[in-house]
Amino acid sequence: MPVSNAESDPAELVCAASSPAAGVEVLDPRDVPLGGPRAMAVRRTLPQRGRSLIGAWCFVDHYGPDDVSATGGMDVAPHPHTGLQTASWLFSGEIEHRDSHGAHALVRPGELNLMTAGRGICHSEVSTPGTSVLHGVQLWIALPDAHRDAPRDFEHHVPEPVVVGGAVARVFLGSLGGVTSPVRGFTPLLGAELVVPAGVVLELAVDPAFEHGVLVDRGEVELAGAVVPRGTVVPRGSLGCLGAGTAVLRLASTGSEEARVLLLGGEPFGEEIVMWWNFIGRDHDEVVRFREQWERGDERFGAVVGYDGDRLPAPSMPKARLRPRGNRR
């Protein structure tokens, strides 16, 4: 049976972390097949056993550069979501998005597509015929209990590139370097792409109430904070994490080529969640109900119009009861 975005057991690995004295966790990626007939491989850094969230960010998939002529690209059939937002961000290529809210849009490099599932939505994702190299990230944001039944929604935003401390930044959520995204969130968040020239050391003023994560797409990076003066190397494809309490984030591009990273941040998410397959709920029985509703075609999720093929069936529930998860403190 094909697997969709999330594994049924997303915590099979313990995160690789630096020593507590260093203050920077380094989460190494694991390869996971994305849903659809071609099972495109992605690198997943969040969630892991040792860390479930960075703020409300609860899921980080990083893929490519993928030669579409060799792999067939992305073809993810209609699949459901509850209790979250999906944030799509590309470095190269193009993806066609369709959802049951009625949105039909293209995901392009440097442009944010933010879909709100809330009570329930379904969508499909297919790389376009003109795409030769597919490269990007797929992110999930957990919705707080007060808003997890929010209505379906879809937003598109093209952030202007700005120079922040010697780097080129595209701020797609929250605020950084005097730039604020107009996109609405349900919890305080930060999301930005940073391109840092080789040899440049950034010192970014950030909200000390936020946790932060740095996903390295290319180049070599050292990460440190105001209370973590010594830099920790974050390899390409890994996610470096800093806890709340840092007012200045120090990011050094130490390689011979410019570094490109995704900076994610947010206030610690004070709720435990159950995340299984494509659902976010609060307990096992709720997720069982979501699965049953998807399988019988309940209107909770609606339908995608225009996708050529069948929707994804849900995998079987695990034998053990799903347990709520939050970050260890």
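At 1% relative accessibility, H123 counts as buried (under 20% relative accessible area is buried, over 50% exposed, in between partly exposed; 1.4 Å probe, protein chains only). The model is predicted: local features need pLDDT of at least 70, side-chain atom pairs count only at pLDDT 80 or more, and totals for chains, interfaces and linings use all residues. Residues are numbered from 1 along each chain as its sequence is written, and side-chain values use heavy atoms, without hydrogens and water.

**Exercise 1.** Find the strand that holds H123, and state the order of the strands in its sheet.

*Solution.* 
- Step 1: H123 is found in strand β10 (a strand is a DSSP run of E, at least two residues, numbered from the N terminus).
- Step 2: The open sheet has four strands in the order β5-β10-β7-β8, with antiparallel pairing (two strands pair if DSSP finds at least two bridges between them).
- Step 3: Its edge strands, β5 (75-81) and β8 (104-107), each pair on one side only.
- Step 4: Five bridges join β7 (residues 95-99) to β10 (residues 121-127); H97 has E125 in β10 as its bridge partner.

**Exercise 2.** Which residues does the UniProt annotation "binding site" cover, and is H79 buried or exposed?

*Solution.* 
- Step 1: The annotation, from an unreviewed entry, covers H79, H81, H123 and E125; such annotations may be inferred rather than shown by experiment.
- Step 2: These residues are spread over 47 residues of sequence, yet cluster in space, with a largest C-alpha distance of 13.4 Å.
- Step 3: H79 is found in strand β5 and is buried, because its relative accessible area is 0%.
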